[in-house]
Amino acid sequence: MGNALLSRNPQNVFWMIFKLSSLCLLLCYLAMFPAFLVLRQRRPDQPRPYRLPGGRRGAWTATVVCFLFVFLTSLLFFRPAPGATDPTQEALLLGGETLTTIVEGLLLVPRRG
């Protein structure tokens, strides 16, 4: 919504919506990789449908490598879109929209009573 109000170029609106949706998708994975380690530590005897070779060291290595790849890929979405007139404004808008989406999502998560 904010990008449609602040942009005079319809092509830029498309790129901003594409970036925001892709970024929100990737941010879910940033939470998933550390959760893998936490669950392995809290419930080590839980039967699992898959095995990761390498034990604890393999789990840490896979988590750190995957987290870094997804994090660095997320940063690529902050590059200016083709035909962007003000890259700084675009990056700030994308960051604000992403943060707003995360906060709204956290507020909608059901709480235990």
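Me: What kind of model is it, and how are residues numbered?
Reply: It is a predicted model, where local features need pLDDT of at least 70, side-chain atom pairs count only at pLDDT 80 or more, and totals for chains, interfaces and linings use all residues. Residues are numbered from 1 along each chain as its sequence is written, and side-chain values use heavy atoms, with hydrogens and water left out.

Me: Start with Glu-90. Where is it?
Reply: Glu-90 sits in helix α4, residues 87-108. Helices here are DSSP runs (H or I, at least four residues), numbered from the N terminus.

Me: Is Glu-90 buried or exposed?
Reply: Glu-90 is buried, because its relative accessible area is 6%. Buried means under 20%, exposed over 50%, and partly exposed in between (1.4 Å probe, protein chains only).

Me: What does its side chain make a polar contact with?
Reply: The partner is the side chain of Lys-19, at 2.7 Å. A polar contact is a pair of N or O atoms within 3.5 Å; within protein, one must be able to donate a hydrogen and the other to accept it, and residues adjacent in sequence count only if both atoms are side-chain atoms.

Me: And where is Lys-19?
Reply: Lys-19 is in helix α2. Lys-19 is buried, because its relative accessible area is 6%.

Me: Which residues does Lys-19 contact, leaving aside neighbours within four places in sequence?
Reply: Phe-77, Arg-79, Pro-80, Ala-81, Glu-90 and Leu-94. Contact means heavy atoms within 4.5 Å.

Me: New topic. How many residues are in the largest nonpolar core?
Reply: It has 11 residues, among them Met-16, Leu-20, Phe-33, Val-70 and Leu-94. A nonpolar core is a set of buried Ala, Val, Leu, Ile, Met, Phe, Trp, Tyr and Cys residues joined through side-chain atoms within 4.5 Å.

Me: Which element gives the most to this core?
Reply: That is α2, with 7 residues. The elements giving two or more residues are α2 and α4.

Me: What does Phe-33 touch, not counting residues up to four places away in sequence?
Reply: Thr-63, Cys-66, Phe-67 and Val-70.

Me: Now the largest pocket. How much space lies in it?
Reply: About 300 Å³. A pocket is an open set of points on a 1 Å grid over the protein atoms alone, where a 1.4 Å probe fits, with protein on both sides within 12 Å along at least five of seven lines; lining residues have an atom within 4 Å of a point. The volume is the space filled by probe spheres set on the points, which are joined across faces, edges and corners.

Me: What lines it?
Reply: The lining includes Phe-36, Arg-40, Leu-52, Ala-59 and Trp-60. The elements giving two or more residues to the lining are α2 (10-42) and α3 (55-76).

Me: Where is Leu-52?
Reply: Leu-52 is in the loop between α2 and α3. It is partly exposed, with a relative accessible area of 32%. Leaving aside neighbours within four places in sequence, Leu-52 is in contact with Phe-36, Gly-58, Ala-59 and Ala-62.
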